[in-house]
Amino acid sequence: MKRILATLAFAAVALANPALAATPLTIYTYDSFVSDYGPGAKIKAAFEKTCDCTVNYVTAGDGVALLNKIKLEGAGTKADVVLGLDSNLVTEAEATGRFGLSKVDTSKVKVPNGWTDKYFVPYDWGHFAVVYDSEKMKDPPKSLDELVNGDPSQKIILEDPRTSTPGLGFLLWMKSVYGPKAGEAWAKLKPRILTTAPSWDAAYGLFTKGEAPMVLSYTTSPAYHMEVEKTERYKAAEFSEGHYMQVEVAGVIASATQQELARKFLAFMLTPDFQDEIPTTNWMFPAGETKADLPASFAKLVKPAKTFIYPSEEVNASHKAWLDEWLAVVGE
């Protein structure tokens, strides 16, 4: 009788508060996605309108840290969806065996060179760039080589490639330009590195606090300052060699308790209700269908003349060796 009464009591509470009866969907993501200025809250509200569910975010710093967390948790992970890996990590992620087929039609995905991966669904893309404070730096570097060989007193804040997708992206950018001489280039750059932050969020926060005149970020980052702060103080330096590109993705965990709901979320990512939030909250280019035009500030952004991007299979095969090369010179 006590068990019956308890069940009836819970049912009454659930009816009074529908959120208690809703199916939980656990999404692992990076810190900035769910920050006050990120898209997390709006995405949560929009998706919950399409389902009898409650979206619960769990953060792990940055994108590489997300994959490390999934590896560490193994079959016991509580994640249903992992949002925040990128095109450099998809082969490594698939090799863990922790991700299931997305079963999402990605034929209309709008990213340079298209998308064919069966496990992961893109939700945005962009190019990495050195963003600088034009009030503190009147003559920014015009190439990666000028950055590497420039004035050591003018510091840059970078992200750690062991935990951060921008950090990994910069590692690959250096390798794209310098190849077998990347180690020598890191040694020349090291005096300019103020610190290596664990995540983009931490690095950019230090930059906007004035700790250094440069930070590794995106060509799209100045749009935030133009749209929200109404200033063109912060700019992206255009590098003559070209810029490295990133496609951000999400995937469903193969052992997820809510696989159908998780795949519904992946499909939702390509709809305007999700994609229209990307340019003005995640400050990247949308990867799916939109209804809203890009902000006017996007027309003022650097448009790289050349794009670098390694196949994820090559990144996976060489990841450890390239990290070891970086660690031998810069690692902290």
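1. Leaving aside neighbours within four places in sequence, Glu277 touches Pro39, Lys42, Ile43 and Asn282, where contact is taken as heavy atoms within 4.5 Å. Glu277 sits in the loop that separates α12 (272-275) from α13 (278-282), the helices being DSSP runs of H or I with at least four residues and the strands runs of E with at least two, numbered from the N terminus. With a relative accessible area of 19%, Glu277 is classed as buried; buried means under 20% relative accessible area, exposed over 50%, and partly exposed in between (1.4 Å probe, protein chains only).

2. The model is a predicted one, in which local features need pLDDT of at least 70 and side-chain atom pairs count only at pLDDT 80 or more, whereas totals for chains, interfaces and linings use all residues. Residues are numbered from 1 along each chain as its sequence is written, and side-chain values use heavy atoms, with hydrogens and water left out.

3. Ser221 belongs to helix α10 (residues 221-228) and is buried, its relative accessible area being 7%. When neighbours within four places in sequence are set aside, Ser221 has contacts with Val131 and Tyr204.

4. Strand β6 (residues 156-159) directs Ile156 and Leu158 one way and Ile157 and Glu159 the other way, and all of these residues are buried. With strand β7 (residues 193-197), β6 forms a parallel pairing over four bridges, pairing requiring that DSSP finds at least two bridges between two strands; within β7, Ala197 stands opposite Glu159. Strand β8 (residues 214-218) also runs parallel to β6, joined to it by two bridges, and Val215 of β8 is the bridge partner of Ile157.

5. Helix α7 (residues 165-178) and helix α14 (residues 312-329) have axes that come within 11 Å and cross at roughly 90°, so α7 is roughly perpendicular to α14. Axes here are lines fitted to C-alpha atoms, for helices over the stretch in contact, with angles from 0 to 180 degrees between N-to-C directions; those under 35 degrees count as roughly parallel, over 145 as roughly antiparallel, 65 to 115 as roughly perpendicular and the rest as oblique. From α7, Leu168, Leu171, Leu172 and Lys175 meet Val315, His319, Trp322, Leu323, Glu325 and Trp326 of α14.

6. One disulfide is present in the structure, the term denoting a pair of cysteine sulfur atoms within 2.5 Å. This disulfide links Cys51 with Cys53 at an S to S distance of 1.8 Å, and both Cys51 and Cys53 are buried.
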